[in-house]
Amino acid sequence: MDFIDHNHRALAAELNRAAFDLGRCAACADGVHAEARLLEALEAIGVRLRRQCHCEEQLMRAMDYPALEEHRAQHDQLLGEYADMLRQMQRGCRKGLAMQALAALKRWLSRHALREDKALAAFIHQNGGSAAVI
Ligand SMILES: [Fe+2]
């Protein structure tokens, strides 16, 4: 398993945990605590997302990856949407909106992993590199 796979699995697990916390947010008496945990989890997800995008971009630059600009544009779009979602959540835990945003983020990540990141991993292996070194 290379770093791309490992990070995707870790991100998916964190998104599932955040969705679980969000489910508790309005449904249990401990809603305030759940909201704080949710925001903490979302901030941690953001850190991991930025780190993953940065690592991939460094690798793409180092290997002169031909689709660098397209891949990076997708990262920029995702990080922008993520920042918007986090700002909305920080203004108030709106459950329906947050559930939709988390589901959209998971869908986006799966799609990106199956297309752009898979293509990047194949390019790395074809060119004698190892994604496991990052
Ligand atoms: Fe990527």
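First, a term I need: pLDDT is the predictor's confidence in each residue, on a scale from 0 to 100. I looked up the protein's mean pLDDT and got 81, with 86% of the residues at 70 or more.

Ground rules. This is a predicted model, so local features need pLDDT of at least 70, side-chain atom pairs count only at pLDDT 80 or more, and totals for chains, interfaces and linings use all residues. Residues are numbered from 1 along each chain as its sequence is written.

Next, the fold. I found four helices and zero strands (DSSP runs numbered from the N terminus: H or I with at least four residues for helices, E with at least two for strands). From the N terminus, the order reads α-α-α-α.

Then burial. I count a residue as buried if 20 or more other C-beta atoms (placed from the backbone) lie within 10 Å of its own, exposed if 12 or fewer, and partly exposed in between. Of the 134 residues, 19% come out as buried.

I picked Leu 15, which sits in helix H1 (residues 3-25). Is Leu 15 partly exposed or buried? It is partly exposed, because it has 18 C-beta neighbours inside 10 Å. Leaving out residues up to four places away in sequence, Leu 15 touches Ile 45, Leu 102, Leu 105 and Lys 106 (a contact puts the two C-beta atoms, placed from the backbone, within 7 Å). Leu 15 and Ile 45 are 30 residues apart along the chain, yet their C-alpha atoms are separated by 7.4 Å.

I also checked Asp 64, in the loop between helix H2 (31-62) and helix H3 (68-91). Its phi is near 50 degrees, a positive value in a residue other than glycine. Asp 64 is exposed, because it has 9 other C-beta atoms within 10 Å.

Last, a helix pair. The axes of H3 and helix H4 (residues 95-126) come within 11 Å and cross at roughly 165 degrees. I take axes as lines fitted to C-alpha atoms, for helices over the stretch in contact, with angles from 0 to 180 degrees between N-to-C directions. H3 and H4 are therefore roughly antiparallel (over 145 degrees; under 35 is roughly parallel, 65 to 115 roughly perpendicular, the rest oblique).
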